[in-house]
Amino acid sequence: AYFLSLSSELRSSSATLRTNVFLPTDKEHVCQITFHYWISQMSGTLMVGFQKHSEDTITNIWQVSGELQNQWKASTIAINSTEKYEV
């Protein structure tokens, strides 16, 4: 399990969580990542990125902009990759 909390009291304007390295997927095995998030007074953007092990670039695969929601929400992302990757 991973947990991250940002507060308006913090000086930092961003934070990053990285998963362990996942093995490649195939036609029979698709990776699904489910995560829960709570946005109370955020004015930025929460993003989920995908990075293949052979590349330096991170591709944005999901995002939500700061809206006053004040409740837990869940999202599930399906990932296919022919090589090792991190999210």
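The legends below describe an overall view and several close-up views of one predicted model.

Figure 1. The chain has zero helices and five strands, so called because helices (H or I, at least four residues) and strands (E, at least two) are DSSP runs, numbered from the N terminus. From the N terminus on, the order of elements reads β-β-β-β-β. Of the 87 residues in the chain, 24% are buried, where buried means under 20% relative accessible area, exposed over 50%, and partly exposed in between (1.4 Å probe, protein chains only). Among the contacts (heavy atoms within 4.5 Å) in the chain with a separation of 6 or more, 68% join residues 24 or more positions apart. Residues are numbered from 1 along each chain as its sequence is written, and side-chain values use heavy atoms, with hydrogens and water left out.

**Figure 2. Confidence along the chain.** The average pLDDT, the predictor's confidence in each residue from 0 to 100, is 83 for the chain, and 80% of the residues score at least 70. Confidence is lowest in strand 1, with a mean of 88, and highest in strand 5, at 94. Because the model is predicted, local features need pLDDT of at least 70 and side-chain atom pairs count only at pLDDT 80 or more, whereas totals for chains, interfaces and linings use all residues.

**Figure 3. Surroundings of T25.** T25 sits in the segment before strand 1, and its relative accessibility of 13% is why T25 counts as buried. Its side chain reaches the backbone nitrogen of S81 at 2.7 Å, a polar contact (a pair of N or O atoms within 3.5 Å; within protein, one must be able to donate a hydrogen and the other to accept it, and residues adjacent in sequence count only if both atoms are side-chain atoms). Apart from neighbours within four places in sequence, T25 is in contact with V30, C31, I79, N80, S81 and Y85.

**Figure 4. T82 in its loop.** T82 belongs to the loop between strand 4 (72-79) and strand 5 (85-86), and with a relative accessible area of 71% T82 is exposed. Although T82 and D26 are 56 residues apart along the chain, their C-alpha atoms are separated by 6.9 Å.

**Figure 5. L17 and a nonpolar surface patch.** L17 is found in the segment before strand 1 (31-38) and, at 41% relative accessibility, counts as partly exposed. Together with Y2 and L4, L17 makes a nonpolar surface patch of about 290 Å².

Definitions and conventions: Patch = residues over 30% accessible without salt bridge, like charges linked within 9 Å, V, L, I, M, F, W, Y side chains within 5 Å. Areas by Shrake-Rupley, 256 points an atom, 1.4 Å probe, with all protein chains shown as cover. Salt bridge = Lys/Arg side-chain N within 4 Å of Asp/Glu carboxyl O.
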